[in-house]
Amino acid sequence: MDTKKDSKIPKCGSLPDMSDKRIVVGAKQLRKALASGRAQHVFLAENADPAITEPIAAVCMARGVQLTWVSTMADLGRACGIEVGAAAAATVA
């Protein structure tokens with residue numbers, strides 16, 4: 001299932017600075033946040049491995065969690081305040 005090409009998920013026009021928000025970064029931590037119901041807004045990088053992002057996107061759609069696709073892993077990492085790229089991140093409650 002390729003959720004990026006035919007979905008109605010909005011693209012992110014400008015990625016917010018998330019360095020001052022409560023966030024989780026990385027697929028493993030994000031899956032835990034989704035399972036516990038803490039994830040509020042999920043960000044996935046378009047250039048990340050689909051084997052990582054597509055299952056997360058499917059869970060977001062099933063649970064009604066807001067999902068935004070970001071252009072690159074580097075952009076997502078910068079927005080999270082880290083020096084490396086990130087495939088997935090989320091703001092949490």
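This is a predicted model: local features need pLDDT of at least 70, side-chain atom pairs count only at pLDDT 80 or more; totals for chains, interfaces and linings use all residues.
Visitor: What share of the residues counts as buried?

Guide: The protein chain has 93 residues, and 39% of them count as buried.

Visitor: Which pattern of helices and strands does the chain follow?

Guide: Start by counting elements. There are four helices and four strands. Then read along the sequence: the order is α-β-α-β-α-β-α-β.

Visitor: How do I read contacts along the chain?

Guide: Look at how far apart the partners sit in sequence. Take the contacts with a separation of 6 or more. Residues 24 or more positions apart account for 78% of them. Two pairs give examples. Lysine 21 and valine 92 are 71 residues apart along the chain, yet their C-alpha atoms are separated by 8.3 Å. Glutamate 46 and alanine 88 are 42 residues apart in sequence, with 9.8 Å between their C-alpha atoms.

Visitor: Where are lysine 21 and glutamate 46 found?

Guide: Both sit in loops. Lysine 21 lies in the one between α1 (3–6) and β1. Glutamate 46 is in the loop between β2 and α3.

Visitor: How many residues does the largest nonpolar core have?

Guide: The largest nonpolar core has 17 residues. Among those with the most contacts inside it are Leu30, Leu44, Ile56 and Leu67. Next, ask which elements supply the core. α2 (27–36), β2 (39–45), α3 (50–63), β3 (66–70) and β4 (88–92) each give at least two residues. The largest share, four residues, comes from α2. Another core, of six residues, lies apart from this one; Leu76 and Cys80 are among its members.

Visitor: Which residues does leucine 30 touch?

Guide: Set aside its neighbours within four places in sequence. Leucine 30 is then in contact with Val24, Val42, Leu44, Ile56, Ala88, Ala89 and Ala90.

Visitor: How do I read the sides of a helix?

Guide: In α2, Ala27, Leu30, Ala33 and Leu34 are buried. They cover an arc of only 120° around the axis, so they lie on the same side of α2. The face turned away from that buried side carries the exposed residues Lys28 and Ala35.

Visitor: What do the buried residues of α2 pack against?

Guide: They pack against β1 (23–25), β2, α3 and β4. Look just past the helix as well.

Visitor: Now the strands. In which sense do β2 and β3 pair?

Guide: They pair in the parallel sense, over five bridges. Leucine 44 stands opposite tryptophan 69 in β3. The chain crosses from β2 through α3 to β3, and this β-α-β crossover is right-handed.

Visitor: Where do side chains point in a strand?

Guide: In a regular strand they alternate between the two faces of the sheet.

Visitor: How many residues of β3 are buried?

Guide: Four of its five residues are buried, so β3 is largely enclosed by the rest of the structure.

Methods: Residues are numbered from 1 along each chain as its sequence is written. Side-chain values use heavy atoms; hydrogens and water are left out. A nonpolar core is a set of buried Ala, Val, Leu, Ile, Met, Phe, Trp, Tyr and Cys residues joined through side-chain atoms within 4.5 Å. Buried means under 20% relative accessible area, exposed over 50%, partly exposed in between (1.4 Å probe, protein chains only). Contact means heavy atoms within 4.5 Å. The arc is that of the directions from the helix axis to the C-beta atoms. Two strands pair if DSSP finds at least two bridges between them. A crossover is right-handed if, with the strands pointing away from the viewer, the path from the first strand over the helix to the second runs clockwise.
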